[in-house]
Structure formats: C-alpha cells, structure tokens
Amino acid sequence: MSKADATAQATIAAYYAAFNAGDPAGMLALVTEDVEHRVNEGGIRRGREKFAEFCAHMGVSYREELQDLVIFTSPDGTRGAAEFTVHGEYLKTDPGLPEARGQRYVLPAGAFFDLRDGKIARITTFYNLSDWVAMVSA
C-alpha cells in the first residue's frame, strides 16, 4: 500500500469514525472548503457551510450508526469508496418523506470519494431510497 493510499484510507476511516461518534465538527475537519456533497437521489451541496447544514439536519432527524465498513482506495490516494450497513432510527419527519415515529431501519449503503491534500473533496452517497421508505412506512 502506498503512502497516499494509506492516507486516503485513514481519512475515510476517520470521517466515518466521526460520523459514528455523532461528531459533525470532526467530519467537517476532514473535508475541503469547497467539498461537493452529492446525496442519494438529491441535489449537490457545495462548500463546507452547506455540508455543515446537512450534518446538523441529519443529527436532528436521524440517529445512525454505520457497521460492516469496508474502505477501498486508489493507489494514488485520490479516490475512494466505502460500503457499509446503516443501522438507524428515524427521529423527526423529513419534508417529503413518511412521518417519523422512531422507526428503526437497517439499510445497505455506499459512498464514493475524491480526496485532495489529505482531505475529502467529494462525497457521493448511495442507498435504495424505496427500500428505506418501505422500512419506515411499515
């Protein structure tokens, strides 16, 4: 494993460790100022400020822990991917989604990353939204 590859692996691992710890400041410290955040079936948020707003919203509406994390990175350390299982609880209704009643869900998901200068410059997250809706609607 190259040094760049190891740095990318460590950066993505630290990002998810901060996520699981409920530490949005820790997540924000690992992204570039111009980070591009592409959410599943949603728009693109550009910049650390928009990403911080997203993290704050997620912290209110959902309680999630990512398990079974596997991280893949390119040898040059500029790209990465992660696969994981989301274990969550839906706490507060998100506009346009089913009503929140504390429903629990387990959902496979993944993400793709661009990395630059030891930080995350792009995050693209994927999961099956219709599966999630079915879980919280049951």
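Reader: Which residues touch the most other members of the largest nonpolar core?

Author: Tyr 15, Tyr 16, Phe 51, Phe 84, Phe 113 and Trp 132 do, in a core of 34 residues. Such a core is a set of buried Ala, Val, Leu, Ile, Met, Phe, Trp, Tyr and Cys residues joined through side-chain atoms within 4.5 Å. Strand β5 (residues 104–116) gives the largest share, six residues. Helices (H or I, at least four residues) and strands (E, at least two) are DSSP runs, numbered from the N terminus.

A word on the model: it is predicted, so local features need pLDDT of at least 70 and side-chain atom pairs pLDDT 80 or more, while totals for chains, interfaces and linings use all residues. Residues are numbered from 1 along each chain as its sequence is written, and side-chain values use heavy atoms, leaving out hydrogens and water.

Reader: Why is Tyr 15 called buried?

Author: Buried means under 20% relative accessible area, exposed over 50% and partly exposed in between (1.4 Å probe, protein chains only). Tyr 15 has 5%, so the word applies. Phe 113 is buried too, with 0%.

Reader: What makes the pair of Tyr 15 and Phe 113 edge-to-face?

Author: Rings of Phe, Tyr and Trp (its six-membered ring) pair if their centres lie within 6.5 Å; planes under 30 degrees apart count as stacked, over 60 as edge-to-face and the rest as tilted. Here the centres are 6.1 Å apart and the planes stand at 75 degrees, so the pair is edge-to-face. Tyr 15 belongs to helix α1 (residues 3–20) and Phe 113 to strand β5, so the pair ties together parts 98 residues apart in sequence. The structure holds 11 aromatic pairs, and ring pairs join Tyr 15, Tyr 16, Phe 51, Phe 54, Phe 84 and Phe 113 into a cluster.

Reader: How do you know that the length of helix α3 agrees with its number of residues?

Author: The expected span is 1.5 Å times one less than the number of residues. For the 14 residues of α3 (residues 48–61) that comes to 20 Å, and the end C-alpha atoms are 20 Å apart, so the two agree.

Reader: Which residues of α3 are buried, and what puts them on the same side?

Author: Phe 51, Phe 54, Cys 55, Met 58 and Ser 61 are buried. They cover an arc of only 135 degrees around the axis, which puts them on the same side of α3; the arc is taken from the directions from the helix axis to the C-beta atoms. Exposed Glu 49 and Gly 59 sit on the face turned away from the buried side.
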